[in-house]
Amino acid sequence: MKSSSCDFVLLLLISLLYFSDKFLASASRPIEMMSSLVKPGVFRHLMCRNNMYPRSSVLRFPVSDDQVFWSEPYPDYCPIDYTSPHIGGQVWADPPLPSDTFKPQWNKLDGQVNRVSFHGNYEIKNGLPLNPIGRTGLSGRGSLGRWGPNHAADPIVTRWKRDSNGDIVRNSTTGKNILQMVAIQRSDNKLWAIPGGMVDPGENVSVTLKREFTEEALNFTDKSNMVEQFFREGVHVYSGYVDDFRNTDNSWMETTALNFHDDDGSQVGKLELVAGDDATNVRWTDVDSNLKLHANHADIVKEVVVKRNAHW
């Protein structure tokens with residue numbers, strides 16, 4: 001139970017930050033670049049700060065840009081502890097902490113559950129893992145299943161945009177080929193995203209990549225043999241933290257993203273896309289600097305653009 005003084009500080013800071021020019025500027029600025037250069041103490045997450053936690057009435061404790069890093073003093077920091085009721089008792093979720101029987105092995109492979117972060121060893125405070133990027137304004141697990149890193153896999157499936165004659169379309173300004181990617185519309189926040197998903201305990205990431213794309217963008221598993229060959233060779237794009245709106249101080253998303261490119265459009269590029277699983281819609285989307293996607297997916301896709309020397 002939080003003290004009355006803590007509640008007062010919470011309300012006061014919310015009011016001050018909400019109406020300050022600095023807070024408004026922070027809320028509207030572009031998402032910082034996420035790439036292999038992103039390191040704790042450098043990158044500041046944005047999507048998981050200063051907002052209402054998704055599918056709840058829980059308001060995050062205010063965290064300005066200057067207060068993100070754990071190394072920066074924030075004596076009045078008093079986040080609400082929240083874990084979504086719907087994950088209680090789920091087989092894919094960790095039990096609550098603290099616990100007399102549940103003793104996670106932090107920063108290592110814990111049985112079949114991968115608790116290793118791509119950003120190195122994360123700190124443990126009061127028996128709980130700390131988000132390696134910094135404060136989010138909320139403690140607990142939110143709606144994520146695992147304490148610490150929750151590992152996902154994102155297949156970025158691309159092809160070249162072609163005209164009615166089958167010729168590759170180039171941008172008139174840059175002269176570079178226009179890339180298209182398969183994007184799904186998420187059912188939870190209606191944002192377009194890479195068709196990825198969570199890595200099951202003990203599962204190889206390559207299996208997750210193929211399964212999630214087949215289920216979310218093709219919506220049939222009986223045709224999986226058609227894409228088996230296509231998904232054998234992917235180009236690694238990114239492994240690390242995801243600026244996900246579900247992240248908390250003690251639970252966060254990390255992903256491994258690979259690019260699978262259909263260069264002549266004769267493989268997956270010719271298959272009919274049908275939304276399934278957690279997707280509301282699916283489409284081939286032109287890739288450029290105006291691309292708006294869930295979390296930091298647009299920044300990850302930009303890495304593919306650079307590798308393919310495509311238009312941005």
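Me: Over the ring of which residue does the charged end of Arg283 sit?
Reply: The model is predicted, so local features need pLDDT of at least 70 and side-chain atom pairs count only at pLDDT 80 or more, while totals for chains, interfaces and linings use all residues. Residues are numbered from 1 along each chain as its sequence is written, and side-chain values use heavy atoms, with hydrogens and water left out. A charge sits over a ring if NZ of Lys or CZ of Arg is within 6 Å of the ring centre and within 35 degrees of the ring normal. At 3.8 Å from the ring centre, the charged end of Arg283 sits over the ring of Trp192.

Me: The charged end of which residue sits over the ring of Tyr77?
Reply: Tyr77 is buried, with a relative accessible area of 16%; buried means under 20%, exposed over 50% and partly exposed in between, with a 1.4 Å probe and protein chains only. At 5.4 Å from the centre of the Tyr77 ring sits the charged end of Arg135.

Me: Why is the pair of Phe61 and Tyr77 given the name it has, and what is that name?
Reply: The structure holds ten aromatic pairs, in which rings of Phe, Tyr or Trp (its six-membered ring) have centres within 6.5 Å; planes under 30 degrees apart are stacked, over 60 edge-to-face and the rest tilted. In the pair of Phe61 and Tyr77, the ring centres are 5.7 Å apart and the planes stand at 85°, so the pair is edge-to-face.

Me: How many residues apart in sequence are the parts that the pair of Phe61 and Tyr77 ties together?
Reply: Helices (H or I, at least four residues) and strands (E, at least two) are DSSP runs, numbered from the N terminus. Phe61 and Tyr77 both lie in the loop between α2 and β1, so the parts that they tie together are apart in sequence by 16 residues.

Me: Which residues are linked into a cluster by ring pairs?
Reply: Trp70 and Tyr77 form an edge-to-face pair, with 6.4 Å from centre to centre and 75° between the planes. Trp70 counts as partly exposed, because its relative accessibility is 29%. The cluster linked by ring pairs consists of Phe61, Trp70, Tyr74 and Tyr77.

Me: Which element gives the most to the lining of the largest pocket?
Reply: On a 1 Å grid over the protein atoms alone, a pocket is an open set of points where a 1.4 Å probe fits, with protein on both sides within 12 Å along at least five of seven lines, and lining residues have an atom within 4 Å of a point. The lining of the largest pocket has 50 residues, and Leu144, Gly197, Met198, Arg246 and Met253 lie nearest the centre. Among the elements that give two or more residues to this lining are β8 (179-186), α3 (205-218) and β12 (251-262). With five residues, the most is given by β7.

Me: How many charged residues does the lining of the largest pocket have?
Reply: Ala, Val, Leu, Ile, Met, Phe, Trp, Tyr, Cys and Pro count as nonpolar, Asp, Glu, Lys and Arg as charged, and the others, Gly among them, as polar. In the lining, 20 residues are nonpolar and 16 are polar, and the number of charged residues is 14.

Me: Where is Pro98 placed?
Reply: The peptide bond from Leu97 to Pro98 is cis, with omega near 5°. Pro98 is placed in the loop between β1 (80-83) and β2 (109-110).

Me: Is Arg55 buried or exposed?
Reply: Arg55 is found in the loop between α2 (21-28) and β1. Its phi is near 55°, a positive value in a residue other than glycine. Because its relative accessibility is 70%, Arg55 counts as exposed.

Me: What is the distance in space, C-alpha to C-alpha, between Asp94 and Leu144?
Reply: Asp94 lies in the loop between β1 and β2 and counts as buried, because its relative accessibility is 4%. Asp94 and Leu144 are 50 residues apart in sequence, and their distance in space, C-alpha to C-alpha, is 9.3 Å.
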